[in-house]
Amino acid sequence: MKRKEVVSLVLLILVLGLGFWQYKNRKYTDKRSRIMLDTIVEISVSSQHKDILPIIEKGFTLVEHYEQKFSEYRDSSLVWTINHSNGHPVDIDAETYELLKYAEQLYKDTDGAFDVTVGTVVNAWDFDNKKVPTETELAEALKYVGFDKIKYNEKEIIVPAGTKLTFGAIAKGYILDRVAEELAKEDIVCGYITTRSSYRSFGAERRIQRVGIQHPRKLNELVSILKLKEQAIGTSGDYQRYFEIDDVRYHHILNAKTGKPVRDVFSVTVIAGNAFIADGLSTAVFVMEPQKAIDYIKSVDNCEAVIYHQDGEEIIALKTLGMKDLLEDEK
């Protein structure tokens, strides 16, 4: 065989080998979004198989299951049953117990500023109609707030009449984790599930992801981009649900001790090993004094944070040391 023929044969083998490798390692990706959890939920999945949609639909089915369970607005949910139990015991499961344990931890860590029993105060604020409650209305609502008012164990919970639970600050992250864990069991390469405030990746192949952080005052811009591989994100911002009267912004992140929106903190982003932790910490940190909040995050294993807050006339970004390495293109 001539040299030219040998070279041609080698090239043919290489081309065929490359083609076979590409065939064996091909990936198909699909991404869908749906309005759920009072926000937009997006699920993306990559697989070596074309039939990805059933996997994504399984994820949305799981989201619906947990929304039905933890929503305080659906009259068939467990939380609704608890909130209307008038002090009678209600049976709970291991998942609800897990949420309660974490809620209690954050309540203690923030000296009561974070509190899932703040439901009566949340109801006193009418964000749809831009209604600010009076001091008298707030004082009345605050009578029912206090995690130490409830009693619970692994089997049941007793919530006094008038006290209302709301898991809005921690349930989204918990749900994202459960969905991610279930979809990771499927024949996939990688994927993610995200809302406007939480993000969780899953799958054996963890690619570097660049996730944008919303600018707290320029809603069509990003203030920075995070470079992530295996971490989850939780973000709380005063721009997510709010109204303004006489240039005063009233937003939905309330200090449970005062019943009022937190002032001078605009946005908090927390990076953690799972979305449950990141989601809860982003709200808990938001209601704390910024420097105290950063010191608190430093005491939590495998967590980083950035807090955008008002300092005089400037918006200051207060970061943990590790967060500085994850941020790029910061404005």
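Mentor: A crossing of two helices is left-handed if the near helix is turned anticlockwise from the far one by less than a right angle, and right-handed if clockwise. This is a predicted model, where local features need pLDDT of at least 70, side-chain atom pairs count only at pLDDT 80 or more, and totals for chains, interfaces and linings use all residues. Residues are numbered from 1 along each chain as its sequence is written, and side-chain values use heavy atoms, leaving out hydrogens and water.

Trainee: OK, which crossing do H4 and H7 make?

Mentor: H4 passes H7 in a right-handed crossing. Helices here are DSSP runs of H or I with at least four residues, strands are E runs of at least two, and both are numbered from the N terminus.

Trainee: At what angle do the axes of H4 and H7 cross?

Mentor: Roughly 135°, and the axes come within 11 Å. Axes are lines fitted to C-alpha atoms, for helices over the stretch in contact, with angles from 0 to 180 degrees between N-to-C directions. H4 and H7 are therefore oblique to each other (under 35 degrees is roughly parallel, over 145 roughly antiparallel, 65 to 115 roughly perpendicular, the rest oblique).

Trainee: Which residues meet there?

Mentor: Glu95, Glu98 and Leu99 in H4 meet Ala171, Tyr174 and Arg178 in H7 (contact means heavy atoms within 4.5 Å).

Trainee: New topic. Where is aspartate 38?

Mentor: In the loop between strand E1 (28-36) and strand E2 (39-47). Aspartate 38 is not a glycine, yet has a positive phi of about 60°.

Trainee: Buried or exposed?

Mentor: Aspartate 38 is exposed, at 67% relative accessibility (buried is under 20% relative accessible area, exposed over 50%, partly exposed in between, with a 1.4 Å probe and protein chains only).
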